[in-house]
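Take a look at the fold below.

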Amino acid sequence: MIATSAAGALAAKNATSTIPIVSLVGDPVATGLYASLARPGGNLTGFSMLVAELMPKRLELLCELVPQVGVIALLVNQNNANAERMISDVQEGGPAKGVHLHVLKAATESEIDAAFASLAQLHIGALLVGADPLFNNRREQLVALASRYAVPAIYEWRESVAAGGLISYGPSLTAAFRQVGIYVGKILKGAKPADLPVQRPTVFELVINLKTAKALGITVPQTLLERADEVIE
C-alpha cells in the first residue's frame, strides 16, 4: 500500500501488520509511524517531506519578497498532526522578521473560503500556506482566492506556482513520488520495508511566477531571482 498523508499511513498501519506500506508524509517519527528514520521497523517505510521544518524558511522568503508587509497570516489545517509545530515555528520567527502573525485555520473547502474572506478585516499583507494534503489537493482554489484578494502567498510545492501561485519553496513532489515508486519496486522484488531506511529530500526548489508578481504589483528582488530554481514568465 501507498499512503500519502499521516492520517492515511496511520490508518494503514492500524489495519495491517503484514502488508508492506510505503508512506509519503511530513514527520513520520513524530506521528508515530516509525521507531526511527534509519530503522523504521515493522511493515512500513517511506519518504519524509520535512513539512514543519521548512516553514521558517518560507517565512524568510516571503518577508524578503514583500519586506513592507507588517502582518502575515499562516493558514493551517488544524487537523494536521504537524499543525501546532508549524504554528510555533513560524511564531518564533515572526518577531525576528519584524512581522506580526495571525493563524487562520481551515479543514474544509468552505473554511478555506472563510479564511481568505477574513484577510481584509485582519489587515493581512501576505499569506504563508501551511503544508497539508488538503491544501495541495485544493491548490487551484487557494491560488484563485489569493488572486481574488490580491494577497502575496507562498506555497509548499512548485505545482501551486505553475497553477498561478506567486512563490513556493520545498522538496520536489515529483522526485518524492519517484522515490516512493522505487521503494515499491524494491519491495515487490523481495525487500523488507524494515530494511529500507526512511528517505529525506536532498533537493529543494524555489519557484517564482513573475506574471503573478506583476499582477500583484510586486517587483521581485534580484537576489531572489538569482537563487530561484525556476522562474515562470
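Leaving aside its neighbours within four places in sequence, which residues is leucine 65 in contact with? This is a predicted model, so read the contacts as computed from it. Leucine 65 touches Leu166, Ile167, Ile218, Val220, Pro221 and Leu224.

Leu65 also belongs to the largest nonpolar core, which has 45 residues. Within this core, Leu65, Ile72, Leu74 and Leu128 touch the most other members. Several elements each supply at least two of the core's residues. They include the helices α2 (55–65), α3 (83–93) and α8, and the strands β2, β4 (71–76), β6 (126–129), β8 (167–171) and β9 (204–209). The biggest contribution comes from α2, with 6 residues.

Now turn to a sheet. Three strands form it, in the order β1-β2-β3. The sheet is open, and its pairing is parallel. β1 (2–3) and β3 (44–48) are the edge strands. Each has a single partner strand, so one side of each is left without a neighbour in the sheet. Strands of a sheet pair through backbone hydrogen bonds. Here β2 (residues 21–25) joins β3 over 5 bridges, in the parallel sense. One of the pairs is isoleucine 21 with its bridge partner in β3, leucine 44.

Which helices pack on this sheet? Helix α8 (residues 173–188) does, touching β1, β2 and β3. The direction of α8 makes about 170° with that of β2. Helix α1 (residues 6–15) also lies across β1, β2 and β3. α1 runs at about 160° to β2.

Key. Residues numbered from 1 in each chain as written. Predicted model: local features only at pLDDT ≥ 70, side-chain atom pairs only at ≥ 80, totals over all residues. Heavy atoms only, no water. Pairing = 2+ DSSP bridges. Helix = DSSP H or I, 4+ residues; strand = E, 2+ residues; numbered from the N terminus. Contact = heavy atoms within 4.5 Å. Axes fitted to C-alpha atoms, helices over the stretch in contact; angles between N-to-C directions. Core = buried A, V, L, I, M, F, W, Y, C linked by side-chain atoms within 4.5 Å. Buried < 20%, exposed > 50% of the residue type's maximum accessible area, 1.4 Å probe, protein only.
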